[in-house]
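Take a moment with the sequence and the model shown here.

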Amino acid sequence: MYRYIIKLFIIIFTALPVYLLVRRPWRRAGIREWAVGAFVLYMAGLLVLVLEGQYGNPVQMVHKAAGRISTGEGINLVPLRTIRTFFIHFIPDVFLVNIVGNLVMFVPWGFGLPLLWKRMRFLPSLVPALLVLPLGIETCQLFIGRSVDIDDLILNFLGGCLGAGAYCGLRGLAGCREWFVGMEQEAREVGETASHSEGDTGKGIQGQDNTGK
């Protein structure tokens with residue numbers, strides 16, 4: 001477990017200078033920009049970690065994936081089969097990585113989405129987002145020689161739900177409410193600025209069209 005955590009932090013700190021150079025968050029007022037940076041860097045590190053595998057010629061990767069589908073090699077589509085096995089044959093280190101790890105690593109995903117984007121505070125938008133990322137990861141793992149397990153999808157989705165639940169719980173606490181409201185206010189201001197910019201661009205294009213006429 002510690003090996004995965006160390007590797008995750010190495011990836012994050014490697015990507016940090018690139019993010020700072022491209023985004024330059026110190027030029028933007030407020031704490032939200034730094035929160036977005038932390039979220040983006042964590043998710044980038046997570047994706048690099050879970051998408052390590054066997055890469056090569058795309059045609060060969062597709063061919064191997066098709067072969068795995070036909071034989072069922074490294075694929076489990078029976079819900080709770082793997083989870084049950086880890087409970088029955090309990091080995092602390094293995095359990096920590098495969099059960100606890102698959103839950104915990106998606107908590108920031110579920111916490112960050114509603115914190116940073118207003119539309120993600122509504123279940124019709126949030127639930128599909130919590131499901132799509134784990135589903136995409138499991139699909140990609142089919143092509144890179146890693147195991148594909150519906151139980152990983154279930155645990156990742158539940159981890160995202162735990163993160164969203166933590167957001168709702170913390171936002172309701174009196175000591176945290178002011179901070180969350182401030183973040184949401186900054187998100188609204190960013191959205192309004194983007195909308196005004198798009199409106200101004202649209203007017204400029206319309207003006208050019210009218211001038212051409």
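**A covered helix and its partners**

In helix α6, the buried residues are Trp109, Gly110, Gly112, Leu113, Pro114, Leu115 and Leu116. Buried means under 20% relative accessible area, exposed means over 50%, and partly exposed lies in between, with a 1.4 Å probe and protein chains only. That makes 7 of the 10 residues of α6 buried, so the helix counts as mostly covered.

Before going on, note what you are looking at. This is a predicted model, in which local features need pLDDT of at least 70 and side-chain atom pairs count only at pLDDT 80 or more, while totals for chains, interfaces and linings use all residues. Residues are numbered from 1 along each chain as its sequence is written, and side-chain values use heavy atoms, leaving out hydrogens and water.

Now step back to the whole protein. It has 9 helices and 2 strands. Helices (H or I, at least four residues) and strands (E, at least two) are DSSP runs, numbered from the N terminus. Their order from the N terminus is α-α-α-β-α-α-α-α-β-α-α. Of the 213 residues, 31% are buried. Take the contacts with a separation of 6 or more: 70% of them join residues 24 or more positions apart. Contact here means heavy atoms within 4.5 Å.

Return to α6. Which residues of α8 does it meet? Val107, Gly110, Phe111, Pro114 and Leu115 in α6 touch Gly159, Gly160, Leu162, Gly163, Ala164, Ala166, Tyr167 and Leu170 in α8. By class, this contact has 9 nonpolar, 4 polar and no charged residues. Ala, Val, Leu, Ile, Met, Phe, Trp, Tyr, Cys and Pro count as nonpolar; Asp, Glu, Lys and Arg count as charged; the others, Gly among them, are polar.

How do these two helices cross? Two packed helices are described by the angle between their axes and the distance between the axes. The axes of α6 (residues 107-116) and α8 (residues 150-172) come within 6 Å and cross at roughly 45 degrees. Axes are lines fitted to C-alpha atoms, for helices over the stretch in contact, and angles run from 0 to 180 degrees between N-to-C directions. The pair is therefore oblique. Angles under 35 degrees count as roughly parallel, over 145 as roughly antiparallel, 65 to 115 as roughly perpendicular, and the rest as oblique.

A second pair is α2 (residues 32-50) and α7 (residues 123-143), with axes 10 Å apart at about 30 degrees. These helices are therefore roughly parallel. Met43, Leu47 and Val50 of α2 meet Leu133, Ile137 and Gln141 of α7.
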